Amino acid sequence: MTRLAVALPNGEVTVSVELESPASEPWAALALAHGAGAGMDHPFLTGFAEALQASGIATLRFAFPYREAGRRMPGPPAHAVATWAAVGAHLTATVPGVPFVAAGKSYGGRMASMAAAEGVIDPAALVYLGYPFHAPGKPDAERGEHLADVRPPQLFVEGDADPFIQPLDRFERAVATAPDAEIAWLPGARHSFEVAGVKRTPEEVGASLADVVVPWLRRRLGVPTRA
């Protein structure tokens with residue numbers, strides 16, 4: 001694990017980053033952000049990252065400044081956007097010559113979309129694992145107006161029982177405003193992709209999502225199956 005400098009409006013901080021590469025040459029480099037209530041070492045994220053590495057993708061997990069400081073509640077969006085800017089620059093410099101992909105669980109994915117909409121990162125694609133379109137029970141407080149300004153291809157991996165995107169038709173309309181976006185629906189899954197009656201560890205749940213994400217990335221990035 002190493003440290004990465006992030007320039008915030010009130011001064012520079014450093015955050016933890018962990019880069020892990022596959023055994024062979026990677027065909028993509030993916031930065032993976034954590035959700036609001038969990039850190040970069042949450043088993044869901046490590047399980048997902050390990051499955052991506054097995055498929056030939058280098059992964060960089062990182063912490064947002066508020067988590068690095070030991071706080072539970074996210075800081076200002078500008079801090080997360082600045083972190084994404086630093087992470088994107090670091091990953092493209094560290095793993096050059098392959099497409100850069102921005103991804104995140106819930107809050108981390110939404111912050112990636114904001115960074116892309118503002119033009120501070122320019123990924124080849126974005127992947128959201130459970131996009132938090134609104135707080136549960138508050139469908140009128142939507143968080144998706146900026147999606148129309150995100151130009152790279154976007155993949156929303158969503159459980160159709162996720163309380164953060166109900167009613168589904170409103171979420172679908174917001175996604176449809178984006179220039180290039182797709183939704184991969186997982187029947188019966190909730191926000192952390194748990195399914196009633198199905199027992200799986202967080203690592204297993206995270207790893208299972210690679211079966212959805214990797215084929216989509218190969219298709220959108222133009223990477224042959226045997227790359």
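1. Phe 156 is buried, at a relative accessible area of 0%; buried stands for under 20% relative accessible area, exposed for over 50% and partly exposed for what lies in between, with a 1.4 Å probe and protein chains only. The model is predicted, so local features need pLDDT of at least 70 and side-chain atom pairs count only at pLDDT 80 or more, while totals for chains, interfaces and linings use all residues. Residues are numbered from 1 along each chain as its sequence is written, and side-chain values use heavy atoms, with hydrogens and water left out.

2. Aromatic pairs. The structure holds 11 of them. Rings of Phe, Tyr and Trp (for Trp, the six-membered ring) pair if their centres lie within 6.5 Å; planes under 30 degrees apart are stacked, over 60 edge-to-face, and the rest tilted. Phe 44 and Phe 193 make a stacked pair, with 6.1 Å centre to centre and 10° between the planes. This pair links distant parts of the chain, since Phe 44 is in helix 1 (residues 43-54) and Phe 193 in the loop between strand 8 and helix 6 (202-208), 149 residues apart. Helices (H or I, at least four residues) and strands (E, at least two) are DSSP runs, numbered from the N terminus.

3. Which class do Phe 44 and Phe 193 fall into, buried or exposed? Phe 44 counts as buried because its relative accessibility is 5%, and Phe 193 counts as buried at 1%. The charged end of Lys 105 sits over the ring of Phe 44, 5.9 Å from its centre. That description requires NZ of Lys or CZ of Arg within 6 Å of the ring centre and within 35 degrees of the ring normal.

4. Backbone of Phe 193 and Ser 106. Phe 193 has a positive phi of about 70° although it is not a glycine. Ser 106 also is a residue other than glycine with a positive phi, near 50°. Ser 106 is found in the loop between strand 5 and helix 4, and at 12% relative accessibility it counts as buried.

5. At 0% relative accessibility, Phe 171 counts as buried. The ring centres of Phe 156 and Phe 171 are 5.8 Å apart and the planes are at 80°, so this pair is edge-to-face. It links distant parts of the chain: Phe 156 belongs to strand 7 and Phe 171 to helix 5, 15 residues apart. Both rings belong to a cluster linked by ring pairs, made up of Tyr 128, Tyr 131, Phe 133, Phe 156, Phe 171 and Trp 185.

6. Helix 5. In this helix (residues 168-176), Phe 171, Ala 174 and Val 175 are buried. They cover an arc of only 100° around the axis, which puts them on the same side of helix 5; the arc is that of the directions from the helix axis to the C-beta atoms. Arg 173 and Ala 176 are exposed, on the face of helix 5 turned away from its buried side. The buried residues of helix 5 pack against strand 7 (154-159) and strand 8 (181-186), where contact means heavy atoms within 4.5 Å.

7. The loop between strand 7 and helix 5. Pro 167 is in this loop. A cis peptide bond joins Gln 166 and Pro 167, with omega about -5°.

8. Strand 6. What is buried on each side of strand 6? One side has Ala 125, Val 127 and Leu 129, the other Leu 126 and Tyr 128, and all are buried. Because 5 of the 5 residues of strand 6 (residues 125-129) are buried, the strand is largely enclosed by the rest of the structure.

9. Pairing of strand 6. Strand 5 (residues 100-105) runs parallel to strand 6, joined by 5 bridges; two strands pair if DSSP finds at least two bridges between them. Gly 104 stands opposite Tyr 128 in strand 6. The chain crosses from strand 5 through helix 4 (residues 107-117) to strand 6 in a right-handed β-α-β crossover. Right-handed here means that, with the strands pointing away from the viewer, the path from the first strand over the helix to the second runs clockwise. Strand 6 and strand 7 also run parallel, joined by 4 bridges, and Leu 155 in strand 7 is the bridge partner of Val 127.

10. Pro 99. This residue lies in the loop between helix 3 (77-94) and strand 5 and counts as partly exposed, at 23% relative accessibility. Not counting residues up to four places away in sequence, Pro 99 touches Trp 27, Ala 28, Ala 29, Ala 124 and Leu 221.
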